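Subject: Structure handover

Hello,

Here is the structure for you to take over. My notes on it follow below the entry.

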Amino acid sequence: MARVALVTGGSRGIGAAISVALKNAGYTVAANYAGNDEAASKFTEETGIPTYKWSVADYDSCVEGIAKVEADLGPVDILVNNAGITRDAPFHKMTPEQWHQVIDTNLSGVFNMTHPIWPGMRERKFGRIITISSINGQKGQFAQVNYAASKAGDLGITKSLAQEGARFGITANAVCPGYIATEMVMAVPEKVRESIISQIPAGRLGEPAEIARCVTFLASDESEFINGSTISANGAQFFV
Ligand code: NDP
């Protein structure tokens, strides 16, 4: 039987590329999404990958959603925590609402998704937890106190889960993309985007498929001894 992979935010952007790459690698894939029904139906039509709607920010919805996926496809072997949002503002203007929205989705979302899946992985002695963090979680970013905190937190979750999961055949790793050409990045003003690109030694944005290839490798049985690691895929952007 093919292993089952669940990708949060898996019907658009980087998540969609991950879902498709995992399907092409032979996994049975389910893609979760938050609310963009049109994009989700189009994605299912084009790829044959089923989509499931719930918010990763809500624990009970995750429990329900995961149960539905597992009833349809079987136990989840590979969880890709990809869903993420930005609500940027300079710190002095950042509202508590902006702080909580980002933390609830990008950080608590990883807890909410991993916690219900974890006991089954321990029992079956196999699991792959792959979390999409960000270069901005590694280095911080102007106007992204909320986002940088959430993505740095994801790295802490990953390293801790790795230590708890290792003896059960579970690995937890993170991928830190630099700037990738998705709607999230294309939504920033062109001038800002040009200045971002000028700071990337590779001279270009990354492609979603380049992140998907990192994930496919970490999902494989062969990656077992890589545990608690972070793969930076950012075109050689230096950070301290
Ligand atoms: P997009 O905005 O293109 O897609 C985000 C996806 O996440 C959508 O499928 C969206 O669902 C889903 N989503 C958002 N909130 C929730 C939620 N509460 N519950 C479930 N799903 C949710 O983002 P990207 O593809 O650009 O980013 C994917 C990940 O990569 C994010 O974690 C992001 O932080 C990270 N990243 C991105 C970088 C980039 O340059 N693009 C750089 C570094 C990291 P719906 O379609 O319903 O809206």
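T105 sits in helix α4, in what is a predicted model. Because 24 other C-beta atoms lie within 10 Å, T105 is buried. Setting aside residues up to four places away in sequence, T105 touches V56, A57, A83, G84 and I85. T171 is 66 residues from T105 along the chain, and the C-alpha atoms of the two are separated by 22 Å.

Helix α4 also packs against other helices. The axes of α4 and α6 are 8 Å apart, at an angle of about 15°. An angle under 35 degrees counts as roughly parallel, so α4 is roughly parallel to α6. The crossing of these two helices is right-handed. On the α4 side the contact is made by Q98, W99, V102, I103, N106, L107, V110, F111 and T114. On the α6 side the residues are N146, Y147, A149, S150, K151, G153, D154, I157 and L161. Sorted by class, the contact of α4 with α6 has 10 nonpolar, six polar and two charged residues.

Next is the pairing of α3 with α4. Helix α3 covers residues 59–73 and helix α4 residues 96–124; their axes come within 9 Å and cross at roughly 45°. That angle makes α3 oblique to α4. The crossing of α3 past α4 is right-handed. The residues that meet are Y59, C62, V63 and I66 from α3, and N112, M113, P116 and I117 from α4. In this contact seven residues are nonpolar, one is polar and none is charged.

On the core: the largest nonpolar core has 53 residues, and A5, I18 and V215 have the most contacts inside it. The element that gives the most to this core is helix α1 (residues 13–24), with seven residues. Apart from neighbours within four places in sequence, I18 is in contact with V7, G10, V80, N82, A212 and V215.

I211 is found in helix α9, which spans residues 208–219. I211 counts as buried because it has 26 C-beta neighbours inside 10 Å, and the cut-off for buried is 20 or more. Not counting residues up to four places away in sequence, I211 touches I14, A17, V175, P177, I180, G206 and A233. Between I211 and A31 there are 180 residues of sequence separation and 16 Å of space, C-alpha to C-alpha.

Most residues other than glycine have a negative phi. A143 is not a glycine, yet has a positive phi of about 65°. A143 lies in the loop between α5 (135–139) and α6 (145–165). With 15 C-beta neighbours inside 10 Å, A143 counts as partly exposed.

The other residue is A236, also not a glycine, with a positive phi of about 75°. A236 lies in the segment after β7 (230–233). Is A236 buried or exposed? A236 is exposed, because 10 other C-beta atoms lie within 10 Å and the cut-off for exposed is 12 or fewer.

Regards

Conventions: Residues are numbered from 1 along each chain as its sequence is written. This is a predicted model: local features need pLDDT of at least 70, side-chain atom pairs count only at pLDDT 80 or more; totals for chains, interfaces and linings use all residues. A nonpolar core is a set of buried Ala, Val, Leu, Ile, Met, Phe, Trp, Tyr and Cys residues joined through C-beta atoms within 7 Å. Helices (H or I, at least four residues) and strands (E, at least two) are DSSP runs, numbered from the N terminus. Two residues are in contact if their C-beta atoms, placed from the backbone, lie within 7 Å. Axes are lines fitted to C-alpha atoms, for helices over the stretch in contact, and angles run from 0 to 180 degrees between N-to-C directions. Angles under 35 degrees count as roughly parallel, over 145 as roughly antiparallel, 65 to 115 as roughly perpendicular and the rest as oblique. A crossing is left-handed if the near helix is turned anticlockwise from the far one by less than a right angle, and right-handed if clockwise. Ala, Val, Leu, Ile, Met, Phe, Trp, Tyr, Cys and Pro count as nonpolar, Asp, Glu, Lys and Arg as charged, and the others, Gly among them, as polar.
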